[in-house]
Amino acid sequence: MEKATFDNAMSNENDNQGTVSWEKAGNTLFLQGTLDRDSLLPLWQQKEQALAGIDNIDVSQLSRVDSTGLALFVQFKGECQKRGRTLTFSGVGERLSTLITLYGLQALLDDNQPKA
C-alpha cells in the first residue's frame, strides 16, 4: 500500500488545515484531510504517480473540499477520459454533493451510478 502526505507550510492554525494525504489500495485512491486552494498544488504536481492504476477516488475522509478541490477532480476525470479510462468517486458526502450541484457538475458522478 502506497502512502503520501502533502503539507502546506503556511498552516499554523490547525494541524489538519492545509494538508491532504493519500493512500492507494488496489485501484482506489483514498484522500484524507483538506483539499483546497492551499493544499492541492503538491497533489496536482504528483498526479501521475497518485493516479497510476486508479479508477476510483474515495473522498469520504476529506474534511473539506473547496471549489478548487472540485476543479481538481474535474481535471482528473477529464484526463482519465482522454486516456479511455473511467474514473469514479466514492464516499461523496452531503457537503461535496451540494458543491457539485451548485456548480452543475452532476456529470462528475454519472459513472458512479449503477446502469439501468
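## Ground rules

Since the model is predicted, local features need pLDDT of at least 70 and side-chain atom pairs count only at pLDDT 80 or more, while totals for chains, interfaces and linings use all residues. Residues are numbered from 1 along each chain as its sequence is written, and side-chain values use heavy atoms, with hydrogens and water left out.

## The fold at a glance

The chain has four helices and five strands. Here helices (H or I, at least four residues) and strands (E, at least two) are DSSP runs, numbered from the N terminus.

Of the 116 residues in the chain, 41% are buried; buried means under 20% relative accessible area, exposed over 50%, and partly exposed in between, with a 1.4 Å probe and protein chains only. Among contacts (heavy atoms within 4.5 Å) between residues at least 6 apart in sequence, 61% join residues at least 24 apart.

## Two aromatic pairs

A pair of aromatic rings is described by the distance of the centres and the angle of the planes. Rings of Phe, Tyr and Trp (its six-membered ring) pair if their centres lie within 6.5 Å; planes under 30 degrees apart count as stacked, over 60 as edge-to-face and the rest as tilted. Two such pairs are present in this structure. Trp44 and Phe76 are stacked, because their ring planes meet at 5°, with the centres 6.5 Å apart. This pair links distant parts of the chain, as Trp44 belongs to helix α1 (residues 40–45) and Phe76 to helix α3 (residues 67–82), 32 residues apart. Trp44 is partly exposed at 30% relative accessibility, whereas Phe76 is buried at 1%.

Phe73 is buried, with a relative accessible area of 1%, and Phe89 is buried at 5%.

## Helix α3 against helix α4

Helix α3 packs on helix α4 (residues 94–102) at an angle of about 75°, with the axes 11 Å apart. Axes are lines fitted to C-alpha atoms, for helices over the stretch in contact, and angles run from 0 to 180 degrees between N-to-C directions. The two helices are therefore roughly perpendicular, a label for 65 to 115 degrees.

Ser67, Leu70 and Phe73 of α3 meet Leu96, Leu99 and Ile100 of α4. By class, this contact has five nonpolar, one polar and no charged residues. Nonpolar covers Ala, Val, Leu, Ile, Met, Phe, Trp, Tyr, Cys and Pro; charged covers Asp, Glu, Lys and Arg; the others, Gly among them, are polar.

Thr68 is found in helix α3 and is partly exposed at 30% relative accessibility. Beyond its neighbours within four places in sequence, Thr68 contacts Asp36, Arg37 and Leu40. The C-alpha atoms of Thr68 and Arg37 are 5.6 Å apart, although 31 residues separate them along the chain.

Cys80 is also placed in helix α3, and is buried at 2% relative accessibility. Not counting residues up to four places away in sequence, Cys80 touches Arg85 and Leu87.

How values were computed. Angles under 35 degrees count as roughly parallel, over 145 as roughly antiparallel, 65 to 115 as roughly perpendicular and the rest as oblique.
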